[in-house]
Amino acid sequence: MRHTITILVENEFGVLTRIAGLFSARGYNIETLNVAPTLDETVSRLTLVTRGDERIIEQIKKQLNKLIPVIKVEDISHMVHLERGLLMLKVIDVKGLRKAAETSGAKIIDHEADSYFIAEFTGSPEEVDTFLVSIDAEYIIEASRTGPVGMRRGSKGFVV
Amino acid sequence: MQMTGAEIFVECLKREGVEVIFGYPGGAVLPIYDAIFQQSHFKHILVRHEQAALHAANGYARVSGKCGVSLVTSGPGATNAITGLADSNADSIPNVCFTGQVPLPMIGTDAFQEADIIGITRSATKHNFLVKNVEDLALTIRQAFHIATTGRPGSVVVDIPKDLGFAKCDFVWPEKVNMRSYQPRTSGHAGQIKKAIKAMLEAKRPMLYSGGGIMNAQGSAALLKTLAHQLNAPVTNTLMGLGGIPFDDKHFVGMLGMHGTYEANMAVSHCDLLVSIGARFDDRVTGRLDAFAPDAKIIHIDVDPTSISKNVDADLPIVGDVGIVLQQLLDELSHQGGVPDLEALKLWWQQIDEWRAKDSLGFEQSEEGPIKPQTVIHKVHDITKGNAIVTTDVGQHQMWAAQHYGFKEPHKFLTSGGLGTMGYGLPAAVGAAMAAPNEPIVVFTGDASIQMCIQELATAYQYRQKIVVVLLNNAYMGMVRQWQEMFHESRFSHSYFDSLPDFAKLAEAYGGVGIKVDTLDELDKALEVAFGSQESFVFIDIAVAKEENVFPMVPAGAALNEMVLA
């Protein structure tokens, strides 16, 4: 099963390698991983997507917690939560594709007449997938996509 | 007050109460060695290989109850230390290792003797630090000791670039260490403690199983004994937990696992409650997992939450320091004033006594020889009255020592359990001798193992340590040979040596006393010499029965109750 795990860590060098190293050393796969500092610059927040049964996920959470710079770990998969990923798509500007992209909710952030445009699309992983298949693959020059960042709903914050 | 980084290093170790460190100098740590030369707060023991520095620090830590400390240089010095770091981490022994690093501006340039020690040691340590500012040095050292010694203890590396040794700053000693991301839990959850006691009082066939955790929490061995007596429950120890309860206590049923006793393994296989105390269900203990303690409710007490339900699902997990949790259990037991099910326990002990009657550790020693390795261990036990600090390497001799020496107290058996490091025994004894210079110290080793770190005889000689090295020489890598005999149709692929050195002469060349033993008579005389008043180490090279195997044995992949008895 797919799990989205959010992690707060000390914002210091090498933390990302420790987390990635934990996964590689135990043969777990990281599907996506996003990281950036939070409002508190001494803390970084990661959103990590991985797959595994409950037993494996339990071990992953415990092992993450065991890493010294890790402050907090939460598996938000079982909670009501939101996930948003970003896709940037460079497309040959033909056949009204630009219009189609805009209709889907994408924002055009760069455009050269009749040559190409770059669309920016944010949404849940499923929405990003749907948008991606709505554009004729034949005309896509390149795509760059983040994994999702996630946050559970409700008034309570996941903070230090 | 302004100090150089090297002076800060010395000051921090002094304030941490460090009395001895083990190390080997080199270019990147020369500023620190210069500061060590000019101080008298702690001793520095010069080993002959960096791996030995870590093992010695490990041995020192296990006997003294303090944190082991070592100092090695950058590049090869640090990479040589990796095995010792991994060993300490696997066995949860507090060990702080300072590694020199090339100067900061040269990091990443493939400079002479540069290695990415943070990268290399990440998975072999509990944590590691690269110090990039001299202002951070004192706090980092403080955090390193804190991390190494608290929670589940382990090894911590502090990598110090050479130029920091010369750089100056004001010395600020952080009185308290407060790390928001590292807050190990020490006491068990009160509700879980209540449930645990209820389960213990209701059990008809209880079993206590304790591991290395019983050593880490000082004083907890006595609490274990009290709990076992109050519950009238049998106790088994893992290899790491030997000495956690006296070998001659009637509640002790011997070690469990691959080379455990018949009664311990059968009792675990048939118990209805298994209480794991500071042990982690290693595969050498459990045998085939789906047949491990199949009828038992499992209570798992461990300071490390990742150990719980990693291999075996716990019905009742208790996260906390073993010593504190045992005290909580005893308090709860007296609070409830309950008594265990005495009728059921009577039957349980009858059953255990029947298993005991198999005498699974029995062996026969013929008067004509050859000398059985088990005989040697028994004789050493008798002559030291079971009070020696025993270290071992890894292999058959290690298992015979575990099975036959008979440990009365914790902190007396130093062996490489988790990582299984050949070459551990002699340097660990060097460390133990620093912690307890007046106690008898015996290294049980094999002809293959001893050659992994034999150069440390020089260290033992330099510091006039009265270590007794007992070499059970069967001219084989014994355990490898045993497995090849049992599982590879006796194809002894590269498990023997064509040329063994004359160990007695080698020991003499290193400055000690070397004795060669072929007969039982010679053995008695040699042991008398060894444990008499000697000014140096004694090395006894004993020719033992070449093809003796370690029994009983649970073959790998078999269940505990599928033991091979002989």
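**A walk through the two chains**

Strand β3 of chain A, residues 43–51, is mostly covered, with 8 of its 9 residues buried. Keep in mind as you look around that this is a predicted model. What does β3(A) pair with? On one side of the pairing list is strand β1 of chain A, residues 2–10, which runs antiparallel to β3(A) and is joined to it by 9 bridges. Strand β2 of chain A, residues 30–37, also runs antiparallel to β3(A), with 7 bridges between them. If you trace the chain from β2(A) into β3(A), you pass through 5 residues, and the two strands make a hairpin. As background for reading any such sheet, side chains in a regular strand alternate between the sheet's two faces.

In soluble globular proteins, nonpolar side chains tend to be buried together. Which residues touch the most other members of the largest nonpolar core? That core has 66 residues, and the ones with the most contacts to other members are B:I299, B:L329 and B:I540. Take B:L329 as an example: leaving out residues up to four places away in sequence, B:L329 touches B:I193, B:A196, B:I197, B:M200, B:L227 and B:I301. Apart from that core there is another, made of 40 residues, including B:V29, B:I32, B:V134 and B:A148.

Is α1(B) largely enclosed or largely open? The helix is largely enclosed by the rest of the structure, because 8 of its 11 residues are buried. Those buried residues are B:G5, B:A6, B:I8, B:F9, B:V10, B:E11, B:C12 and B:L13. For orientation, an α-helix has 3.6 residues a turn, so residues three or four places apart point the same way. After α1(B) comes B:G17, which has a positive phi, near 80 degrees.

A packed pair of helices is described by the angle between the axes and the distance between them. For helix α3 (residues 50–64) and helix α5 (residues 82–90) of chain B, the axes come within 7 Å and cross at roughly 25 degrees. That angle makes α3(B) roughly parallel to α5(B), because angles under 35 degrees count that way. At the contact, B:Q51, B:L54, B:H55 and B:N58 from α3(B) meet B:T83, B:G84, B:L85, B:D87 and B:S88 from α5(B).

While you're in that area, have a look at B:N80, which belongs to helix α4 of chain B, residues 76–80. B:N80 is partly exposed, at 28% relative accessibility. How far apart are B:N80 and B:H49 in sequence and in space? They are 31 residues apart along the chain, yet their C-alpha atoms are 7.5 Å apart. With residues up to four places away set aside, B:N80 touches B:H49, B:E50 and B:Q51.

On to the cysteines. How many disulfides are there over all chains? The count is 0. B:C453 shows why for one case: its sulfur is 15 Å from the closest cysteine sulfur, in B:C97, too far for a bond. B:C453 is also buried, at 2% relative accessibility. Another buried cysteine is B:C271, with a relative accessible area of 0%.

Most residues other than glycine have a negative phi, and most peptide bonds are trans. Against that background, the peptide bond from B:G369 to B:P370 is cis, with omega near 5 degrees. B:P370 sits in the loop between α15 (342–356) and α16 (373–384) of chain B. The bond from B:F551 to B:P552 is cis too, with omega near 0 degrees, and B:P552 lies in the segment after β20 (538–543) of chain B.

Positive phi values turn up at B:S309, near 60 degrees, and at B:R464, near 50 degrees. B:S309 is in the loop between β13 (297–302) and β14 (316–319) of chain B, where it is partly exposed at 21%. B:R464 is in the loop between α19 (457–462) and β18 (467–473) of chain B, and counts as partly exposed at 46% relative accessibility.

Notes
Residues are numbered from 1 along each chain as its sequence is written. Chains are lettered from A and ligands numbered from 1 in the order in which they are written. This is a predicted model: local features need pLDDT of at least 70, side-chain atom pairs count only at pLDDT 80 or more; totals for chains, interfaces and linings use all residues. Side-chain values use heavy atoms; hydrogens and water are left out. A nonpolar core is a set of buried Ala, Val, Leu, Ile, Met, Phe, Trp, Tyr and Cys residues joined through side-chain atoms within 4.5 Å. Buried means under 20% relative accessible area, exposed over 50%, partly exposed in between (1.4 Å probe, protein chains only). Contact means heavy atoms within 4.5 Å. Helices (H or I, at least four residues) and strands (E, at least two) are DSSP runs, numbered from the N terminus. Two strands pair if DSSP finds at least two bridges between them. A disulfide is a pair of cysteine sulfur atoms within 2.5 Å. Axes are lines fitted to C-alpha atoms, for helices over the stretch in contact, and angles run from 0 to 180 degrees between N-to-C directions. Angles under 35 degrees count as roughly parallel, over 145 as roughly antiparallel, 65 to 115 as roughly perpendicular and the rest as oblique.
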